[in-house]
Amino acid sequence: MASKLLFMKALPLSILFLSSCDKAAQNNSDNATLAAVPNVPETKDIVPSTPGNGRKAKLLDAAEPFEVLTETAFDQDTKKVDAAIAKANAAAPTIRPSLTAPAQSEFDKRLAEIKAARAAGNRADLAQSSIEIYRILVSEGAGGSPVPSEVSLLDYAGFRYMADLQATPIRWHDMVAATSFAKQNWAIIRPQIKDTATVTKFQAVIDNMAAGAAIKNADRAKASGGAELDLVDVLEKSFNAP
C-alpha cells in the first residue's frame, strides 16, 4: 500500500529523471508508446487453482518485481529505481521459459523498452513498459492464485492510467483506453463481489476515471485512479480471505 501511495504522489508532471532530451524527443517517445500500448490480449478464462498449476503460480510470483518497478518508477531517488530495475531483470531469465512463444516475444520487447526508458530518463515509459510485463505475467498465470486474473488486470489498468497521467504531455487518449480495459474486466468480476458497498464504490471510481480522462481533468483523474488502486487492494484481500 505504501508503495502505491508513493506512485500516486510521484514527481510533478514537468520533472523527468535527469534527462537531457529535448521536448520534441520526449513527444516522439510518448507517441511511440501510445502506438504500442492500447491493444492488449483479452482476459483469459479463470482456471481453478490446483497442484498442477505450479507454472502459473511461478508466473504470478515473477509479476511482483515488475509491479514494484512500476510503483517505483517515479521515485525521486534514482538508486531505488535502479534497484527495482535490477530485481526485475534478475527475475526475467528465470521466468521467460515458462511463457508461451507469443508472450516471450512481447516480454523481450518490453524488457528492451525498460532499458531504453531508463537510459533516456523517461519515467512514464519506464512505468508503462514494466506494467505491460506485469500484464503478460498475470494473464499467463491466470488460475494460479485464489485472486482471479481480472482483479490483477484491474490493478494493471489503474497503474497504466496513472503512468499516462504523469507523462509529459499527459496521455489522455491512452487513459481512455486503460479505462475501457478496466471496464471490461470489472464487468467480468463484478458478479463475484459479495459486498455491495465495494461494488458501488468501484463502479463509481471507474465512472470517474472515464470522466476524468474524457474531459481531461487531471485532478479528477488522479483522485479516481488512486482510488481504483486502493479498491483493487480491497478486492485482493476479499478473494484471499479464508
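Predicted model: local features only at pLDDT ≥ 70, side-chain atom pairs only at ≥ 80, totals over all residues.

Colleague: How do you know that the span of helix H7 agrees with its number of residues?

Modeller: Helices here are DSSP runs of H or I with at least four residues, numbered from the N terminus. The expected span is 1.5 Å times one less than the number of residues. For the 17 residues of H7 (residues 149-165) that gives 24 Å, and the end C-alpha atoms are 24 Å apart, so the two agree.

Colleague: Why is Tyr 156 called buried?

Modeller: Buried means under 20% relative accessible area, exposed means over 50%, and partly exposed is in between (1.4 Å probe, protein chains only). Tyr 156 has 0%, so it is buried. Its helix, H7, is mostly covered, with 17 of its 17 residues buried.

Colleague: What makes Lys 109 partly exposed?

Modeller: Its relative accessibility is 42%, so Lys 109 counts as partly exposed. Lys 109 lies in helix H5 (residues 101-120).

Colleague: And why does Asp 125 count as buried or exposed?

Modeller: Asp 125 has a relative accessible area of 7%, so it is buried. You will find Asp 125 in helix H6 (residues 123-140).

Colleague: What makes Tyr 156 and Phe 181 an edge-to-face pair?

Modeller: Rings of Phe, Tyr and Trp (its six-membered ring) pair if their centres lie within 6.5 Å; planes under 30 degrees apart count as stacked, over 60 as edge-to-face and the rest as tilted. Here the centres are 5.3 Å apart and the planes are at 85°, so the pair is edge-to-face. The pair links distant parts of the chain, with Tyr 156 in helix H7 and Phe 181 in helix H8 (residues 172-189), 25 residues apart. Phe 181, at 5%, is buried.

Colleague: How do you know that the charged end of Arg 135 sits over the ring of Tyr 156?

Modeller: The rule asks for NZ of Lys or CZ of Arg within 6 Å of the ring centre and within 35 degrees of the ring normal. The charged end of Arg 135 is 5.8 Å from the centre of the Tyr 156 ring and is counted as sitting over that ring.

Terms used:
Residues numbered from 1 in each chain as written. Heavy atoms only, no water. Helix = DSSP H or I, 4+ residues; strand = E, 2+ residues; numbered from the N terminus.
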